Amino acid sequence: MTDTTHTQPIPPGQAARQRSPEFRFAAGALRGLRQDLFHDAFAYRPLPPTEPGGRFTRSGSERVKEYGAWAPHAAVVALTGMAVFLAVVSTHGAGLAALLCALLAGAPVLLTLVRPVGAFWVSLAANTVALVLTGGSESPWPPGGFLAHLAVLTVVAARTRPRTAAWMWGLTAVYGFFADGLFGWSGDIGYGSDLGPMLFFSGVALLIVAVRQTLRQARREVSVHQTVTAHERSRRTLLEERTTIARELHDVVAHHMSVVAIQAEAAPYRVENPPPELEKAFATIRENAVAALTELRRVLGVVRAQDYEAPDAPQPTLADLDGLLANVRDAGLDVTRTVTGAVRELPQGVELSAYRIVQEALSNTLRHAPGADARVEIGYVLGGLGLRVLNGAPPAPNLVKPSPGAGHGITGMRERVSMLNGEMTAGPTAEGGYEVTVFLPVPAAAPIEGEA
């Protein structure tokens, strides 16, 4: 009996996953090198002006801000001039060789403004040509080429990412060793060669640029996360306020629907020998009212939190403002109330929303302006109810630290006003206080048929 083992071919993707971690690391590094320094190396990428609010455009006149937006370009041009000057001085003449060395030193630095990665390769090639022109007397970088290549490395690193800076530093080291070997390396990097200083100064410059880019990216990500978090917090606050309003209005709506059901059930008994059509109509009204109550309780159960406990006391109205004002006076707030117009009973939803708005406005005064006085104005007008809660400036804003609070008060007030199709304005006053003005429309009751 013979056992035969069949070897299944390994898919290419699975074979790649079975390779050693070292091989995968090396393959990934080579892919990064090709992507950073070879793929579209000479792509056109002009350096944009500095964005408004940057270091050079943050302050000053409009003309200063306009010129400050081009400060990075001016810095690159200044480095180009310095590299050209060193190249001319190091050649000890003004002949064709000096002109070519100056051109070879300045061109790569200027090229970083439009083709940053390509400028790195041009810098290496230009330095090689300059070594040929000067006979390799100073290897592997002449003075002008030294400053030019250092400037190119710094500018390109600032315009790309830290991984590109690491690749450029490594390729610079490899190029330096080969250039020393071709143009008469003395055998000691510390003497007769500027490879050591190049690697040291470029390493420090690239490290500073990489750290700065990393910090900038981290701040950018934190800013994005903070924006998203603030948006989500605002959205959650809005939903919480709407849920709170729905809970509070449940009792109001449930009361009215219960009254409708009871009156519909008792109405046929108030009429002697009611027609069957009337009894059927009242029965239908009662069934619809009971069904509406059931659906209302079901919906409220969905939006109610698990730890929510229904209040034992009825929902407050404007008649309960005396108790509210007494409580805030005990907390140290000097508040007065003014009522204008003919006081009348309003719909319970309007009464509840008005009470909550006054309550929240006074709570904001206690939190954000401790020690200030407040005034509550209530106006009964023909088309609705007007509210105005005004507080003065805190007596010593520099000495008294107000409580930050939750920041949900204005949102809750606006939701209540919007629910009732009202209008609301809120903002600081010229005296340093804060004012909340609200108008809640109350439609006139339709006259009952048969009444005068």
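1. Let's start with helix H4, residues 71-91, in this predicted model. Its 21 residues at 1.5 Å each should span 30 Å, and the end C-alpha atoms sit 31 Å apart, so the two figures agree.

2. Which residues of H4 are buried? They are His73, Val76, Thr80, Ala83 and Ala87. Looking down the axis of H4, these buried residues fall within an arc of 85°, so they line one face of the helix. As for what they pack against, the partners are helix H5 (96-111) and helix H7 (143-159).

3. Now the sheet. Five strands make an open sheet with mixed pairing, in the order E1-E2-E3-E5-E4. E1 (334-340) and E4 (423-428) are the edge strands, each pairing on one side only. From one strand to the next, the twist averages 10°.

4. Have a look at E2 (residues 373-381) and E3 (residues 384-391): they pair in the antiparallel sense over eight bridges. Val376 has Val389 in E3 as its bridge partner.

5. Two helices are worth checking against the sheet. H11 (residues 321-330) packs on it, touching E1 and E2, and its direction makes about 160° with that of E1. H12 (residues 348-368) also packs on the sheet, touching E1, E2, E3 and E5 (434-441), and its direction makes about 5° with that of E3.

6. Finally, the chain overall. It has 13 helices and five strands, and buried residues make up 33% of its 452 residues. Of the contacts between residues at least 6 apart in sequence, 71% join residues at least 24 apart. The accessible surface comes to about 28,000 Å², with 61% of it belonging to carbon and sulfur atoms.

Definitions and conventions. Residues numbered from 1 in each chain as written. Predicted model: local features only at pLDDT ≥ 70, side-chain atom pairs only at ≥ 80, totals over all residues. Heavy atoms only, no water. Helix = DSSP H or I, 4+ residues; strand = E, 2+ residues; numbered from the N terminus. Buried < 20%, exposed > 50% of the residue type's maximum accessible area, 1.4 Å probe, protein only. Contact = heavy atoms within 4.5 Å. Areas by Shrake-Rupley, 256 points an atom, 1.4 Å probe, with all protein chains shown as cover. Expected span 1.5 Å × (residues − 1). Arc of directions from axis to C-beta. Pairing = 2+ DSSP bridges. Axes fitted to C-alpha atoms, helices over the stretch in contact; angles between N-to-C directions.
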